[in-house]
Amino acid sequence: MRYTGPKVRLSRRAGVPLTRKAVRYFEERPYPPGEHGRKTNRRQTGDYGLRLMEKQKLRWYYDVSERQMRRYWDMALRSPGRSGAELVVLLESRLASLVLRSGLAPSIYAARQYVAHGHITVDGRKVDIPSYLVKPGQVIAVRERSRAMQPFVAAAEGIYADERIASYLDVNHADLRFTVVSRPLREQIVVPVDEQMVVEFYSR
C-alpha cells in the first residue's frame, strides 16, 4: 500500500527531506517522529535496516507502493544497464514524476493527483495513470479546461520550478507544457538515495 499519512513524517523517518515543504520542518526537527524520536541513533542501525531504509526512501520519494516497486525492480533486472541505475530511471520516467520535475506541481503527491484527476495530457490525449511511462519525444501538457485553476496559474509563473530544469526536459512554463527530449540518465537525476543499497536489499 502507498503511505497516505503526514508527508513530513516520512522525511523525519527517512533522515532526509523528501519534499520541498519538508525542508523547513526537517530543520526544526531533524530526528525521527514518535515519543522516542530524539533518543534514536540512526548510526546504530544494522546493515539490513540501512538497506531497507534506502529502499523505503526511494519508494516514498516517488510515492509508489511496494508492489509497484517490485514491478519496477523486475523491469530493471531485465534491462541491459546497471539494475540500480535503471530502477531510478524507470521511476523518474513515470508521468507523475515528470510532472513534478518539470515544475508543473509543487510535490509528487500533487503531481499524482493532477494526473489521476485528468488534468494532464500526453501528445494531446488525456492520460490519468500516474505510473504511465513517458518516452522521449512525447509532449506533456495541462488540459485547456484546467489551465485557469489556481495551481496551474501558479505553475505558469514558474513558482514550483527548480532553479535548474532537468536537462532531459524542454519546459515551457508559460504554456504549461514540456517535452521529454531524451531518456534520463542516472547522473542527471537528483534523488537522495544510494540505489546500490536498494540493489543489495532486493538481491539478499
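Two strands are treated as paired if DSSP finds at least two bridges between them. The views below show a predicted model.

**View 1. The pairing of β3 with β5 in the sheet.** Strand β3 and strand β5, the latter spanning residues 177-180, pair in the antiparallel sense over 3 bridges. Within this pair, Ile140 stands opposite Phe178 in β5. Strands of a sheet pair through backbone hydrogen bonds, in either a parallel or an antiparallel arrangement.

**View 2. The pairing of β1 with β3.** Strand β1 covers residues 120-122 and strand β3 covers residues 139-142; the two are antiparallel and share 3 bridges. Across this pair, Thr121 faces Ala141 of β3 as its opposite residue.

**View 3. The hairpin of β4 and β5.** Strands β4 and β5 run antiparallel and are joined by 4 bridges. Leu169 stands opposite Val180 in β5. The hairpin has 4 residues between its strands, and Leu176 takes a positive phi near 50 degrees there.

**View 4. The sheet as a whole.** The open sheet holds 5 strands in the order β2-β1-β3-β5-β4, with antiparallel pairing. The edges are formed by β2 (125-126) and β4 (169-172); each has a single partner strand, so one side of each is left without a neighbour in the sheet. In a regular strand, side chains alternate between the two faces of the sheet.

View 5. Ser93 lies in the loop between α5 (83-92) and α6 (95-101). The relative accessible area of Ser93 is 7%, and because buried means under 20%, Ser93 is classed as buried. The side chain of Ser93 reaches the backbone oxygen of Val89 at 2.8 Å. When neighbours within four places in sequence are left aside, the residues in contact with Ser93 are Leu98, Tyr132, Leu133, Val134 and Pro184.

**View 6. Helix α7 and the residue that follows.** The buried residues of α7 are Ile108, Tyr109, Ala110, Ala111, Arg112, Tyr114 and Val115. An α-helix has 3.6 residues a turn, so residues three or four places apart point the same way. Gly118 follows α7 and has a positive phi, near 80 degrees.

Conventions: Residues are numbered from 1 along each chain as its sequence is written. This is a predicted model: local features need pLDDT of at least 70, side-chain atom pairs count only at pLDDT 80 or more; totals for chains, interfaces and linings use all residues. Side-chain values use heavy atoms; hydrogens and water are left out. Buried means under 20% relative accessible area, exposed over 50%, partly exposed in between (1.4 Å probe, protein chains only). A polar contact is a pair of N or O atoms within 3.5 Å; within protein, one must be able to donate a hydrogen and the other to accept it, and residues adjacent in sequence count only if both atoms are side-chain atoms. Contact means heavy atoms within 4.5 Å.
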